[in-house]
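Please look over the sequence and the model shown here. A short report on the fold, the packing and some individual residues comes after them.

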Amino acid sequence: MARRLLLLYPALATAVVLRRTPLTPLKVTGKDAGAFLHAMLSADVSTLRPNRHVDACLLTGQSTLTDLITIARCQEEWLLLCEDVSTVVRELEKRRVIEDVTFTEKDAAVFDVLHGDAVADALADTALSLEPTAVYHNDDVWALGGTSLREAGGRIITNADDGTIDAWERARVEKGRPRSGFEFSTSYDSKLLESCG
């Protein structure tokens, strides 16, 4: 839809940079989804209005961090953006007793949207135009305004036709950048990371 708009009205889009993230979207549905997520996550999900998003932590029963998650709400549908979706689902499934909650991993890609001059994309422009915690949802695409990343202007979630994460990683390494998660590979880098943490 966004690409069709762009072809019809090219003046709608400004140039942006899209950076693929290792995040995976997880759709949460069911009549108890909101109450269940409120009980499981560190954020006050019960006060999250439709078309808004918030960051939260998922902890184990021993208070160990499982994942930092972005939760987006659109009416009765919830979208969680997770780094380790299998661990998140396992932790949530362990705590589900009789709640009407369903978890579905979406085959979609998550991109950070940065101001720049690489790509013209109407959905990315939508993400940049949203308020910091606002959410736009249309069919299978989502746009989130603002993120916890200080340089990102927003985030978009769309189909994964643009390539796999492996392809993204390969392109990253070919450009001379370290693989995601392996940025601190030397002992000096590790000491630097420890001193900052």
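The sections below go from the whole chain to helices, cores, strands and single residues.

## Basis of the model

This is a predicted model, in which local features need pLDDT of at least 70 and side-chain atom pairs count only at pLDDT 80 or more, while totals for chains, interfaces and linings use all residues. Residues are numbered from 1 along each chain as its sequence is written, and side-chain values use heavy atoms, with hydrogens and water left out.

## Overall composition

The protein contains six helices and eleven strands. Helices (H or I, at least four residues) and strands (E, at least two) are DSSP runs, numbered from the N terminus. Of its 197 residues, 39% are buried. Buried means under 20% relative accessible area, exposed means over 50%, and partly exposed lies in between (1.4 Å probe, protein chains only).

The exposed surface comes to about 11400 Å², of which carbon and sulfur atoms supply 52%; accessible areas come from the Shrake-Rupley method with a 1.4 Å probe, and for residues only the protein chains shown count as cover. Among contacts (heavy atoms within 4.5 Å) between residues at least 6 apart in sequence, 63% join residues at least 24 apart.

## Helices α2 and α3

In α2 (33-40), the buried residues are Ala33, Gly34, Phe36, Leu37 and Met40. They cover an arc of only 165° around the axis, so they sit on the same side of α2. The arc is that of the directions from the helix axis to the C-beta atoms. Ala35 and Ala39, on the other side of α2, are exposed. The cover over the buried residues of α2 includes β2, β3, β5, α3 and β6.

Helix α3 spans residues 85-95, and its buried residues are Val85, Thr87, Val88, Glu91 and Leu92. Viewed down the axis of α3, these fall within an arc of 165° and therefore line one face of the helix. Their cover includes α2 as well as strands β2 (24-29), β3 (52-59), β4 (65-74), β5 (77-82) and β6 (102-105).

## Nonpolar cores

A nonpolar core is a set of buried Ala, Val, Leu, Ile, Met, Phe, Trp, Tyr and Cys residues joined through side-chain atoms within 4.5 Å. The largest one has 22 residues, and those with the most contacts inside it are Val28, Leu41, Ile69, Ile71, Trp78, Leu80 and Leu92. At least two residues of this core come from each of β2, α2, β3, β4, β5 and α3. Helix α2 gives the most, with four residues.

Leaving out residues up to four places away in sequence, Leu41 touches Ala56, Cys57, Leu58, Ile69 and Ile71. A second, separate core has eleven residues, among them Ala72, Leu79, Ala108 and Val135.

## Strands β10 and β11

Strands β10 (residues 141-145) and β11 run antiparallel and are joined by four bridges; two strands pair if DSSP finds at least two bridges between them. Trp142 has Ile157 of β11 as its bridge partner. Strand β11 covers residues 154-159, and five of its six residues are buried.

Thr158 is part of β11. Its relative accessibility is 11%, so Thr158 counts as buried. Beyond residues up to four places away in sequence, Thr158 touches Ala108, Ala109, Phe111, Leu123, Asp140 and Val141.

## Cysteines

How many disulfides does a search of the whole structure find? The search finds zero, a disulfide being a pair of cysteine sulfur atoms within 2.5 Å. Cys57 is partly exposed at 26% relative accessible area, whereas Cys74 is buried at 13%.

Cys82, in strand β5, is buried with a relative accessible area of 0%. Apart from neighbours within four places in sequence, Cys82 is in contact with Pro22, Leu23, Thr24, Leu26, Asp67, Ile69 and Val88. Cys82 and Leu26 are 56 residues apart in sequence, and their C-alpha atoms are 7.3 Å apart in space.

## Positive phi in two loops

Ser63 lies in the loop between β3 and β4. Its phi is near 65°, a positive value in a residue other than glycine. Ser63 is exposed, with a relative accessible area of 57%.

Asp139 is in the loop between β9 (135-138) and β10. Although not a glycine, Asp139 has a positive phi of about 55°. Asp139 is exposed, with a relative accessible area of 63%.
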